[in-house]
Amino acid sequence: MAEPRHQPVLVQPVVELLRPAKSGVVVDATVGLGGHAEAILQAFPEVRVLGLDVDPQALAYAAQRLAPFHPRVELVHASYASLGQLLQERGIEPSGVLFDLGVSSLQLDLPERGFSFRLEGPLDMRFSQEGPTLAEILSATSEAELTSWLSTYGEERKARPIARAILRALHQGQLRTTSDLRRAVWSVTGPRRGRVDPATRTFQALRIVTNRELSALSPALEAAARSLRPAGRLLVLAYHSLEDRIAKNTLRRLSGHCVCPPGTFPCTCHPQQLLVVLTKKPLLPEAEEVRQNPRARSAKLRAAEKKP
Ligand SMILES: C[S@@+](CC[C@H](N)C(=O)[O-])C[C@H]1O[C@@H](n2cnc3c(N)ncnc32)[C@H](O)[C@@H]1O
């Protein structure tokens, strides 16, 4: 099995923020191809890593990459949605938990996974390779629902005409591949002119919908925060504003601040005194890292520490 490359993002800041966790168990809630896990295992010879991922293909590569660290690694095919239960069952109080959200290079670079508009592939987009594919979801949706997905999860201003173009292509039997999907978007926006392809927002929105990505995040961060040992650290790497907003608000709420919309009275968000936020502003990659790894372009790293 040839090893796909995945350059972990902001790896040095991640390792530094986990330095106080230098013994015990660090949970990598999205182990992917094991890039961050490898750096953590190398930096802290006493740490054990429990790595989770929903993608069996990613786990197979991670197992290969992390084999030299056996028996300090355990990989589990599970969603971070089950993190709290999983740690409780194993009696683990981690010293650190890392969430590196979004899509890995493996998923983007294999056309058959259907995540990329640069490579022609089926309309799949499932991290877990289980459940309905994007093609199945699109064939069961309405124009109003698709418009709302593109607008909410893609922050796409031309959501309605793009939704209409996608469904028109679908009903004409011309929406079979990722290239067809990009063509449908381009029929509204025109082709790529600047740095960012106009199909990016549509692909992001449909990936979020296919994997129900956002709904599990805040409860998983809260479960991670509860499970941490005192002074344990929680790190979140986000790649778009929606997931970063969830990370920011969840860490704020778990450090005792109300995050209800302005004017809400009484407070309904139930702030908790569990964490101290370590990053008032998120850490961003240096220009050199972005040059070497364009995937790092939109990364934001936030961290918090468990109160004693
Ligand atoms: C950006 S990649 C992680 C890359 C990893 N940090 C590395 O250095 O190789 C994100 C990973 O999260 C996984 N993922 C997505 N949703 C998940 C979930 N609910 N639970 C666990 N893993 C998930 C994806 O399958 C993907 O492999």
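Figure 1. Arg 72 is partly exposed, because 17 other C-beta atoms lie within 10 Å (a residue is buried with 20 or more other C-beta atoms within 10 Å of its own, exposed with 12 or fewer, and partly exposed in between, C-beta atoms being placed from the backbone). The structure is a predicted model, in which local features need pLDDT of at least 70 and side-chain atom pairs count only at pLDDT 80 or more, while totals for chains, interfaces and linings use all residues. Residues are numbered from 1 along each chain as its sequence is written. Arg 72 belongs to the loop between helix H3 (56–66) and strand E3 (73–77); helices (H or I, at least four residues) and strands (E, at least two) are DSSP runs numbered from the N terminus. Leaving aside neighbours within four places in sequence, Arg 72 contacts Leu 41, Arg 48 and Val 49, a contact being two C-beta atoms, placed from the backbone, within 7 Å. Val 47 is 25 residues from Arg 72 in sequence, with a C-alpha to C-alpha separation of 7.1 Å.

**Figure 2. Packing of helices H2 and H3.** The axes of H2 and H3 are 10 Å apart, at an angle of about 25°; axes are lines fitted to C-alpha atoms, for helices over the stretch in contact, and angles run from 0 to 180 degrees between N-to-C directions. H2 and H3 are therefore roughly parallel (angles under 35 degrees count as roughly parallel, over 145 as roughly antiparallel, 65 to 115 as roughly perpendicular, and the rest as oblique). In this contact, Ala 37, Glu 38 and Leu 41 of H2 meet Ala 62, Arg 65 and Leu 66 of H3. By class, these residues are four nonpolar, no polar and two charged (Ala, Val, Leu, Ile, Met, Phe, Trp, Tyr, Cys and Pro count as nonpolar, Asp, Glu, Lys and Arg as charged, and the others, Gly among them, as polar).

**Figure 3. Packing of helices H1 and H2.** Helix H1 (residues 11–18) and helix H2 (residues 35–43) have axes that come within 10 Å and cross at roughly 50°, and the two helices are therefore oblique to each other. Val 11, Val 14, Val 15 and Leu 18 of H1 meet His 36, Ala 39, Ile 40 and Ala 43 of H2. This contact has seven nonpolar, one polar and no charged residues.

**Figure 4. The largest nonpolar core.** Of its 57 residues, Ala 29, Ala 224, Leu 234, Leu 235 and Leu 237 touch the most other members; a nonpolar core is a set of buried Ala, Val, Leu, Ile, Met, Phe, Trp, Tyr and Cys residues joined through C-beta atoms within 7 Å. Helix H11 (residues 217–227) contributes the largest share, six residues.
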